[in-house]
Amino acid sequence: MLRELKTFIAVTRYGTFAAAGMHIGLTQSAVSAQMRNLEQALGIRLFDRTGRQAILNAAGQRALPMAREILETFQRMAVSDDVSEFRGELRIGAVATAQTGLLPQALLRLRQQAPLLEPKLVPGVSLNLLSQVDAGELDLAILIKPPFELPKELSAQVLRQEPFVLIVPPDLEGEDPLQVLGTHPHVRYDRNSFGGRLVTRFLREQQIEVRVALELDELEAIVKMVECGLGVSLLPKAGLWLEHGANVRIIPLGELTFYREIVLLQRYSQRTQPIQQLFARCLTQLDG
């Protein structure tokens, strides 16, 4: 029944048998057959089928966390106490700055201690990575701490704090960050992203109306836009642009400095698994 439970979780994630099948490599009819098998084995109906959608009924909602727990328990059975013997795949989600910042050295440490483990890196934005961890599609993820309360099933361990700064073209005059923000076009950190929401809150608190020249979510691209003179930008002091010596001027925010937090996100039920604990150590050893 393990494959049926995996398919059941996929259906709850994607909403229809067809969408679930597309993501896990099954036809719609195969997904439907597996769900019939599961319902017959349990003696209950799990879904209210409305058109193409498969909506969990009360029994299905009760069964979902238990299905996840069964699969997690099965996965733990295959884990050796000796980290050097760890096998299988570790699915790691990561935002762009983590891929080029925290992860390379952490993955090297991981390979040295668990050479048989196969890490799989899944890039993405924080909101999508959070959903994938919550759905069990990722084992863990490095992302920006969300500006809202996490579901109780998820655990976030803070890895580092990154201060926001104002970056401006090198020839732009002025040292007062608030004055510069109020008088020059703004290359805006996407306000739908977790980091961008922190910028929105800061601007609201400082009662600054900015003139948006462009809005995007990629830090390296934002820096390039500022370099060419398109505007100024509030962004976290993190990323490859710091290592490569970007042609911008950095204006600190002083007492007004705010931060984005980079966290390691995983399900509470998996935090104590040896593989997850090993990876967390590889990350934290990196910084200190």
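How many bridges join strand β3 (residues 88-94) to β5? Three bridges link them, and the two strands run parallel. Keep that pair in mind, as we will return to it after a look at the whole chain. Please note that this is a predicted model.

Let us start with the overall layout. The protein chain is divided into domain 1 (1-77), domain 2 (83-160 + 262-285) and domain 3 (162-259). Between the C-alpha centres of domain 1 and domain 3 there are 45 Å. The C-alpha trace of the protein chain spans about 70 × 50 × 30 Å along its principal axes.

Now for some totals. The protein chain has 288 residues, of which 43% count as buried. If you take the contacts with a separation of 6 or more, 74% of them involve residues 24 or more positions apart. The protein chain exposes about 15,000 Å², with carbon and sulfur atoms supplying 50% of that area. There are 31 positive and 32 negative charges in the protein chain, and their mean positions lie 7 Å apart.

Strand β1 (residues 47-50) pairs with β2 in the antiparallel sense, over four bridges. Two residues sit between the strands of this hairpin, and Gly-51 takes a positive phi near 65°. Follow strand β2 (residues 53-56) and you will see its side chains alternate.

Back, then, to strand β5 (residues 140-144). Five of its five residues are buried, so β5 is largely enclosed by the rest of the structure. On the parallel side of its pairing, with β3, Gly-93 stands opposite Ala-141 in β5. β5 also pairs with strand β11 (residues 259-267), this time in the antiparallel sense and over five bridges. Within that pairing, Leu-140 has Gln-266 in β11 as its bridge partner.

Look for Glu-218 in the loop between β8 (212-216) and α10 (219-227). Glu-218 counts as partly exposed because its relative accessibility is 37%, while buried means under 20% and exposed over 50%. In sequence, Glu-218 and Thr-97 are 121 residues apart, yet in space they are 9.2 Å apart, C-alpha to C-alpha.

Conventions:
Residues are numbered from 1 along each chain as its sequence is written. This is a predicted model: local features need pLDDT of at least 70, side-chain atom pairs count only at pLDDT 80 or more; totals for chains, interfaces and linings use all residues. Side-chain values use heavy atoms; hydrogens and water are left out. Domain bounds come from an automatic or database domain assignment. Buried means under 20% relative accessible area, exposed over 50%, partly exposed in between (1.4 Å probe, protein chains only). Contact means heavy atoms within 4.5 Å. Accessible areas come from the Shrake-Rupley method with a 1.4 Å probe; for residues, only the protein chains shown count as cover. Lys and Arg count as positive and Asp and Glu as negative; His and the chain ends are not counted. The place of a charge is taken as NZ of Lys, CZ of Arg, CG of Asp or CD of Glu. Two strands pair if DSSP finds at least two bridges between them.
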